Amino acid sequence: RPLVAAGRKRGRVEPGGFEVVPIEDPVKRARVLDAEGLALGSVIAASNKAKRDLIDDSFNRYSFNEDEDELPEWFRQEEQQHRRRQLPVDKQTVEAYRQRWRQINARPIKKVAEAKARKKKRMLKKMEQMKKKAEAVVSTVDISEREKVAQLRR
């Protein structure tokens, strides 16, 4: 019986003993971009020249520098931090996307708003019932004031 990797969908088993696992369509998975990714996407979508320049700038002599094994760890960390080119997006665009995300996250979810409205409606209904009972108790004339107060407390 062939082994199946954990967390993967089972596929059909070929006669040679190999398992054919279906490939997930990368388009189906939705990617959630951060503010920088959205700003970069807006630059790419706005101009073909900016897109071409961004792709051209991504190739440089440090792109595939593989022989870093003999370098000290602190040097590799600093190189990794400072070697990257700055993205051609302005800070206002990034901040605008961040603000937009904050506004989206601050909105109450529809179900939460509906639940709050139902709760408020129930409370108003209970208050109306309590008012009717209190008016009925107050309007009765054959009982004393003490008994009226005791019934209202109940």
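How much accessible surface does the protein chain have, and what share of it belongs to carbon and sulfur atoms? The accessible surface comes to about 14800 Å², and 55% of that belongs to carbon and sulfur atoms. Areas like this come from the Shrake-Rupley method with a 1.4 Å probe, and for residues only the protein chains shown count as cover. Keep in mind that you're looking at a predicted model, where local features need pLDDT of at least 70 and side-chain atom pairs count only at pLDDT 80 or more, while totals for chains, interfaces and linings use all residues. Residues are numbered from 1 along each chain as its sequence is written, and side-chain values use heavy atoms, with hydrogens and water left out.

Let's start with the overall layout. The protein chain holds six helices and two strands, and from the N terminus on they run β-β-α-α-α-α-α-α. Here a helix is a DSSP run of H or I with at least four residues, a strand is a run of E with at least two, and both are numbered from the N terminus. Of the 154 residues in the protein chain, 6% are buried. Buried means under 20% relative accessible area, exposed means over 50%, and partly exposed is in between (1.4 Å probe, protein chains only).

Now find helix 5, residues 110-139. Its 30 residues should span 44 Å at 1.5 Å a residue, and its end C-alpha atoms are 43 Å apart, which agrees. The expected span is 1.5 Å times one less than the number of residues in the helix. Helix 5 is hardly covered: among its 30 residues, the count of buried ones is one.

Which residues does Lys148 touch, leaving aside its neighbours within four places in sequence? They are Val137, Val138, Thr140 and Ile143, where contact means heavy atoms within 4.5 Å. Lys148 sits in helix 6 (residues 145-153) and counts as buried because its relative accessible area is 11%.

Another buried spot is Ala35, in helix 1, which has 6% relative accessibility. Ala35 and Tyr97 are 62 residues apart along the chain, yet their C-alpha atoms are separated by 5.1 Å. Leaving aside neighbours within four places in sequence, Ala35 is in contact with Val94, Tyr97 and Arg98. For the whole protein chain, take the contacts between residues at least 6 apart in sequence: 38% of them join residues at least 24 apart.

Next, the charges. Side chains of opposite charge can pair when their charged atoms come close. A salt bridge is a side-chain nitrogen of Lys or Arg within 4 Å of a carboxyl oxygen of Asp or Glu, and by this rule the count comes to six. One of them joins Lys49 and Asp53, at 3.1 Å from N to O. These two are four residues apart in helix 2 (residues 48-58), so about one helical turn separates them.

Helix 3 (residues 73-82) has its own example, with Arg76 and Glu73 three residues apart. Their salt bridge is 3.7 Å from N to O. Arg76 is partly exposed at 27% relative accessibility, and so is Glu73 at 46%.

Over in helix 4 (residues 91-106), Arg98 and Glu95 lie three residues apart, about one turn of the helix, and meet in a salt bridge at 3.9 Å from N to O. Both belong to a network of salt bridges that links Glu36, Glu95, Arg98 and Arg102.

The structure holds one aromatic pair. The ring centres of Trp74 and Phe75 are 5.9 Å apart and their planes are at 90 degrees, so the pair is edge-to-face. Rings of Phe, Tyr and Trp (its six-membered ring) pair if their centres lie within 6.5 Å; planes under 30 degrees apart count as stacked, over 60 as edge-to-face and the rest as tilted. Trp74 is exposed, with a relative accessible area of 54%, whereas Phe75 is partly exposed at 30%.

Last, look at a nonpolar patch on the surface, formed by Val32, Trp101 and Ile104 with about 280 Å² of accessible area together. Patches are made of residues with over 30% relative accessible area and no salt bridge, joining like charges within 9 Å and nonpolar side chains (Val, Leu, Ile, Met, Phe, Trp, Tyr) within 5 Å. Val32 is in the loop between strand 2 (19-20) and helix 1 (35-46), and at 69% relative accessibility it counts as exposed.
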